[in-house]
Amino acid sequence: MSPLIAPSILAADFANLQSEVEMLNTSQADFIHVDIMDGVFVPNISFGIPVTQAIKKHAKKPLDVHLMIVEPDRYLEAFRDAGADIISVHYEACPHLHRSLQAIKALGAKAGVAINPHTPIEHLKEVIQDIGLVCMMSVNPGFGGQKFIENTYDKISRLKDLILSKGATTKIEIDGGVNIQNAPKLVTAGADVLVAGSFVFNSPDPVATISELKSIRMV
Ligand code: DX5
Ligand code: ZN
C-alpha cells in the first residue's frame, strides 16, 4: 500500500497561496497539512483562522490542521468552521485529552493527537481507540526545514504494536524532516501518512516530488 501524502503549506509561497493550493489540487497529495503556531506552545508564529479559510476556499483536498497552540479546545470550533477535516491537538497541550478528542469528533472532524519527540507513545495507551490519527513529530515542532530525528523509526514500530494490540484503526502520520531518503524506512516501520514541507516545496517540480513520495512501497 502506498502512503498518504500531506504536503505542509507552511513551506509554500504565502504571497501566491492560491496557486500553491491549486498546484496541490493537481497533484497526488491526499491531504493539505496546515501548521498553526501560536508563539507560545512553539517558539514561532505561522498563521491562523483567516488564512485557513483562504486555503479552504481553493482546496480540493481535505485540510489536515495541526494545532501547535496552547488551550486548543478554545479554537476547535473556529478551525472546524474554517474548513479543517482533520484536527490534531498536542498531547502536551491537553490536560483533558479524552475530552478534547470527543469535542473534535462532535464537530464532525477526524480527531488527531500530535506528540513531541520526547513524549512516550505509552501516554496514548488509554485513548488510542479514540484517536483517528497520531501525528508523530520527527522534529521539535515550530519550524519547517529541520533535521529528522532518527529515534522516530523505533517509535513508529512501538506505536503500531500498541494500535494493533488494542484493535484500533488509528493512522500514524510522521511530521518533520521527511524526504525521499527516509520515507521508505518510515513506511516500512508502519507510517501511514507522510507530511513533507520543504522537501516538496523547495524541489524544482513539487508535483513530481509528491508522486515520488506516493510511489513508495514497504521495503
Ligand atoms: C513543524 C511542522 C511541520 C513542518 C514540516 O513544526 O509541524 O509540519 O511544516 O516541514 P518539513 O517537512 O520542512 O520538516
Ligand atoms: Zn505539522
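C135 is buried, at 0% relative accessibility; buried here means under 20% relative accessible area, exposed over 50% and partly exposed in between, with a 1.4 Å probe and protein chains only. C94 is buried as well, with a relative accessible area of 9%.

Before I continue, a word on conventions. This is a predicted model, in which local features need pLDDT of at least 70 and side-chain atom pairs count only at pLDDT 80 or more, while totals for chains, interfaces and linings use all residues. Residues are numbered from 1 along each chain as its sequence is written, chains are lettered from A and ligands numbered from 1 in the order in which they are written, and side-chain values use heavy atoms, with hydrogens and water left out.

How many disulfides does a search of the whole structure find? The search finds zero, a disulfide being a pair of cysteine sulfur atoms within 2.5 Å. The closest cysteine sulfur to that of C94 lies in C135, 13 Å away, which is too far for a bond.

I turn now to the interior. A nonpolar core is a set of buried Ala, Val, Leu, Ile, Met, Phe, Trp, Tyr and Cys residues joined through side-chain atoms within 4.5 Å. The largest such core has 60 residues, and I9 and I174 have the most contacts inside it. Its largest share, five residues, comes from helix 5 (residues 152–165); helices (H or I, at least four residues) and strands (E, at least two) are DSSP runs, numbered from the N terminus. A second, separate core of 10 residues includes C135, together with A6, M137 and V139.

Leaving aside residues up to four places away in sequence, I174 touches residues including F148, T152, I156 and L186, where contact means heavy atoms within 4.5 Å.

Next, the helix packing. Helix 1 (residues 17–26) and helix 2 (residues 49–58) pack at an angle of about 45 degrees, with their axes 9 Å apart. Axes are lines fitted to C-alpha atoms, for helices over the stretch in contact, and angles run from 0 to 180 degrees between N-to-C directions. At this contact, L17, Q18, V21, E22 and N25 in helix 1 meet V51, I55 and H58 in helix 2. The buried residues of helix 1 are L17, E20, V21, M23, L24 and N25. Their cover includes strand 1 (4–7), strand 2 (32–37), helix 2, helix 7 (198–201) and helix 8 (206–214).

Finally, E71 has a positive phi of about 45 degrees, although it is not a glycine. E71 sits in the loop between strand 3 (63–68) and helix 3 (76–81), and it is partly exposed, at 47% relative accessibility.
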